[in-house]
Amino acid sequence: MQVPSPFEYERATSVEHALELLARLGPDARLLAGGHSLLPMMKLRLASPEYLIDIDPLAGELGYVREQDGEVRIGAMTRHRELLESELLARRVAIFTDAERVIADPVVRNRGTIGGALCQADPAEDLSAVCAAADARVVVRGRDGERVLDMRAFHRGAYETAVEDGEMVTEIRVPLHPGAGSAYEKVERRVGDWAVVAAGAAVRLSDGTIEHAAIALAAVGGDVTSPAAAEALAGRPPSEELFAEAAGIAAAGCSPVTDQRGSAEYKRHVAAELTLRALRRATARALREES
Amino acid sequence: MSAVEEQRPIGYGRLKRKEDARFIRGQGTYVDDVQLPGMLHGAILRSPVAHARIASIDTSAALAHPKVHAVITGRDLEAQGLSWMPTLSADVQAVLATDKVRFQGQEVAFVIADDRYSARDALELIDVDYDTLPAVVNARKALDPDAPVIRDDLEGKTDNHIFDWESGDRAATDAVFARADVVVSQEMLYPRVHPAPMETCGAVADYDRVSGKLTLWSTTQAPHAHRTLYALVAGLPEHKIRVISPDIGGGFGNKVGIYPGYVCAVVGSIVTGKPIKWVEDRSENLMATSFARDYVMRGSIAATSEGRILGVQVDVIADHGAFNTTAQPTRYPAGFFHVFTGSYDLEAAHCSVRGVYTNKAPGGVAYACSFRITEAVYLVERMVDMLARELDADPAELRLRNFIRPEQFPYACRTGWVYDSGDYERTMRKALAIAGYDELRREQVERRARGELMGIGVGFFTEAVGAGPRRHMDILGLGMADGAELRVHPTGKAQLGISVQTQGQGHETTFAQIVAEELGIPPEDIEVVHGDTDNTPFGLGTYGSRSTPVSGAATAVVARKVREKARIVAGAMLEVAPEDLAWERGRWFVRGDPEQGATIQEIAMAAHGSLELPEGVEGGLDSETVYNPPNLTFPFGAYLCVVDVDPGTAAVRVRRFVAVDDCGTRINPIIIEGQVHGGLTDGVGMALMELIAFDEDGNCLGGSLMDYLIPTALEVPDWETDFTVTPSPHHPIGAKGIGESATVGSPPTIVNAVVDALAPYGVRHMDMPCTPSRVWEAMQGNAKPPQ
Ligand SMILES: Cc1cc2nc3c(=O)[nH]c(=O)nc-3n(C[C@H](O)[C@H](O)[C@H](O)COP(=O)(O)OP(=O)(O)OC[C@H]3O[C@@H](n4cnc5c(N)ncnc54)[C@H](O)[C@@H]3O)c2cc1C
């Protein structure tokens, strides 16, 4: 049995209560959502917070996937499993469904939350790339009010987000558009393992051309999105050659490192391959939407 | 056979495992379930670095922790002569480091506290000052002149060399290589992997100061051998030691040796007078307990242009880590590696093995390896496949052409083993037929034309298990024989005591079935007792697939002794001479008058009753025996694997796996299939993902199950298993071992398939694990051994 350092435990019963506890206990307190990132780190003593503020009781208040004002709104405490099973996401933003099929295993998916995943910002974490490709915005709430950030502003790199002390994420907002399609592709060494590399793509078609595109990569370092690749796609009709060109741009712009999951050369190669595959599937889905 | 008999065979057959009733109800008792009044908890402080001199250790802050009772360091043990302990391979190992630490994760201090949380917290309060030294983690570099000397504790040691050992005939091998038409050579690494049993290692030590008796619950595959070793090492009298190995959650060789943690728990209990529990966590298990493999091999195979294999030559650098703790028969420093001639009839063979120290955890013989046969089979099966490629021959055909033929058994191989029995061609042809081999090859041609990468791997193995004959095999002077003791109660129910210890193999079922087969007592009427040295006969334990070959034989022999006693008693009951009685399962009857007879249950009652017993029986039917095997048994099997490799991502998927095993007489097919399924899954793990890696400084990169991957149900196909039966001629019931066959046979078969899939890229060989990245590098002509 792996044993964490001693800590104090508090249980938040509402978002307001959680924010108040955060303010009272200060920077040595950590929110505990599904616990599937935080608890393993505590057991390995890589994290030793003095206080845990359990926000599991907020699973009702912050657990939802619903359509509102031309967006899908996802509560921060929504579990991986609920994302996987959401019929709305499968129909309109299938990149979530693709990704959730290959995130961890059922045990982890039953507890882990989208808010926890985005705030953990593990370099190989999938939902940050998914949200970035889907042009999602993140609602960050503090005692003084709310900020709504796009993923470029929210995600600041490995283990780093725009969430300040005393703040928490409450909601993720994913825009819906006609003629849109998205997809996610991942290579892992074993089912349930973190990505060696993963790529997400979203495209919006209009009159046979790509009106807007977004590409995001996981586990290849640096910035998850590839604006240059997205730019190359915009305004041009979809084709294998175009996808290959964009995939090449995305791969060239990433900065993978060699580790146990694979060599930097392989990761760069496969980033291109997966981007290409994601673009193909995203476009096929958009074409179905369009017709 | 009626449906009812089918379900509950009296004797051999598909009997559901007796032990599962408690496991599926969560009623098993593992070491960590043992709770004793007043019990304290231990935790081990481990070295954060791979190689360093210990400048100082300050335990005062830990001792000041309100819940800490004691902190034991190497210096404290030194006072009692216990800071070092002998290993099973004529070396010594530090219990707690005194001078240096030699691998990351090495034991440095032992804290005893009220609970395991406090014990763990107090570890952070111990201040150790390390003077870091350069580390060597690559076996190829361990003997470089500038390599740091790891074992300067050994008198006069100036390098990292442990042993040189060879087998076979070098001159004869050179001669066949000189006249061969074709020679293929390849360097290959069987990487360091870990058994990773679900239950980690642990112990509860309870020393009674009044009686002087030590009771030790521990995760051991060999309780009797451990008892004797504690007596020899710690100086406790052997009759005052009771080792209990309760339910064990997987062993795979990981639980053969004695770990420092067990010794610390014992010392802790003696020091405090309280029971001490120590159970390691997952990272400790992966980083510090017995690993497996780590063999750097250079193999060469010589053949005629017609594909007749003439000889095999191998040079090995064996990485034994920081202490030579490998658990194997004393005379075999490379285990049974010299069965590397495999299943082939060849003219000459030779191997040399050089053991080296590195700054890595000690161990070596573990993970269902049959004493290094895993490495040997991997080598020869890769070499034969490479030869097939060189000759442009079909790998299955090439094997069929070179197999030892049935009429050659018993077959003396070129390195001295005498294979007991085999019919390799029959088994191979069965596997090819099940797989639809020719059809698969046609499909492969079509797919290749479409740019798809499909690979077909063929593998064949011969195992040598059931160690072993006393005159050849001992472990630290203890002969590798096993006892069995059978008591038959007056009502005809029985209790069998055995020396071997199940870790999931189903001994309680299989061994009851052996008695049932011999005596006709239903298996549910037979209680198998094991894992407690106070209640069972002496023997060396369960590893190396030795339980059925050795202890299973002892069980059959002791049951036959009971049967013969019963015959004498039956003679008295029926008033006929014992010679006039004939046996049918469960009953002696009068020859020529089958109505006249007595069942084993009636005989048992009579043997305890008022009947006047004839000379030759003392009353009761109880018997005991010790079985000293005349030879090993040699199970074998033909495996076939189909993989698909994604040309874009280089990800490997195992599409099909056919395993035809021959373990001689089959006692319980359900258990056999389970052993094979588990071993094949192990094989997929090693072939595709498992690796205990290190960085250059000697940091272990495989210290959690997030880094050290083991396969799940989703990585494995539906196993297609079948069998042939070639009984062992020298085993009382003709059974051979099955526990490690699939672990031995499957990795080369899978790698053969991956390499076959990559043939269009000109790949001849790649080392395991075949992760997507490593496969892609092989496709780029850049295959490298893993770090
Ligand atoms: C075996 C295993 C395999 C996994 N595989 C994958 C995988 O393949 N891909 C993948 O993407 N992930 C994977 N994960 C991670 C998993 O998805 C986690 O559940 C998720 O990353 C974290 O979510 P959580 O709710 O468990 O967060 P927690 O562990 O509870 O919290 C994580 C961090 O986020 C903070 N936090 C949580 N909620 C909020 C909030 N609302 N506002 C502000 N801060 C918050 C916490 O304080 C903590 O610092 C795996 C995990 C495990 C254990």
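This is a predicted model: local features need pLDDT of at least 70, side-chain atom pairs count only at pLDDT 80 or more; totals for chains, interfaces and linings use all residues.
Chain A is considered at the level of domains. The domain assignment divides chain A into domain 1 (8-55), domain 2 (64-174) and domain 3 (181-286). The centres of domain 1 and domain 3 of chain A, taken over C-alpha atoms, are separated by 35 Å.

Helix packing is considered next. Two packed helices are described by the angle between their axes and the distance between the axes. In chain A, helix α5 (residues 94-101) packs with helix α8 (residues 126-133). Their axes come within 10 Å and cross at roughly 165°. An angle over 145 degrees counts as roughly antiparallel, so α5(A) is roughly antiparallel to α8(A). The crossing of α5(A) with α8(A) is right-handed. On the side of α5(A), the contact involves A:I95, A:F96, A:A99 and A:E100. These residues meet A:L127, A:V130, A:C131 and A:A133 of α8(A). By class, this contact of α5(A) with α8(A) has 7 nonpolar residues, 1 charged residue and no polar ones.

The crossing of α11(B) and α12(B) is left-handed. B:A396, B:R399 and B:L400 are the contact residues of α11(B). Their partners in α12(B) are B:E425, B:M428, B:R429 and B:L432. The contact of α11(B) with α12(B) has 4 nonpolar and 3 charged residues, with no polar ones.

From α15(B), the contact uses B:A566, B:V569, B:A570 and B:M573. From α16(B), B:I600, B:E602, B:I603, B:A606 and B:A607 take part. The contact of α15(B) with α16(B) has 8 nonpolar residues, 1 charged residue and no polar ones.

Aromatic rings were also examined. A pair of aromatic rings is described by the distance of the centres and the angle of the planes. Over all chains, a search of the whole structure finds 28 aromatic pairs. One of these pairs is formed by B:Y262 and B:W278. The ring centres of B:Y262 and B:W278 are 6.1 Å apart, and their planes stand at 65°. Planes over 60 degrees apart count as edge-to-face, so B:Y262 and B:W278 form an edge-to-face pair. B:Y262 belongs to helix α8 (residues 260-272) of chain B, while B:W278 belongs to strand β14 (residues 276-279) of chain B. The pair therefore ties together parts that are 16 residues apart in sequence.

Most residues other than glycine have a negative phi, and most peptide bonds are trans. A cis peptide bond joins B:F409 to B:P410, with omega about -5°. B:P410 is in the loop between α11 (395-402) and β19 (411-412) of chain B. Another cis peptide bond runs from B:M768 to B:P769, with omega near -5°. The loop that holds B:P769 lies between α18 (741-757) and α19 (772-779) of chain B. B:S370 is not a glycine, yet its phi is positive, at about 55°. B:S370 sits in the loop between β18 (363-364) and α10 (373-391) of chain B.

Technical notes:
Residues are numbered from 1 along each chain as its sequence is written. Chains are lettered from A and ligands numbered from 1 in the order in which they are written. Side-chain values use heavy atoms; hydrogens and water are left out. Domain bounds come from an automatic or database domain assignment. Axes are lines fitted to C-alpha atoms, for helices over the stretch in contact, and angles run from 0 to 180 degrees between N-to-C directions. Helices (H or I, at least four residues) and strands (E, at least two) are DSSP runs, numbered from the N terminus. Angles under 35 degrees count as roughly parallel, over 145 as roughly antiparallel, 65 to 115 as roughly perpendicular and the rest as oblique. A crossing is left-handed if the near helix is turned anticlockwise from the far one by less than a right angle, and right-handed if clockwise. Contact means heavy atoms within 4.5 Å. Ala, Val, Leu, Ile, Met, Phe, Trp, Tyr, Cys and Pro count as nonpolar, Asp, Glu, Lys and Arg as charged, and the others, Gly among them, as polar. Rings of Phe, Tyr and Trp (its six-membered ring) pair if their centres lie within 6.5 Å; planes under 30 degrees apart count as stacked, over 60 as edge-to-face and the rest as tilted.
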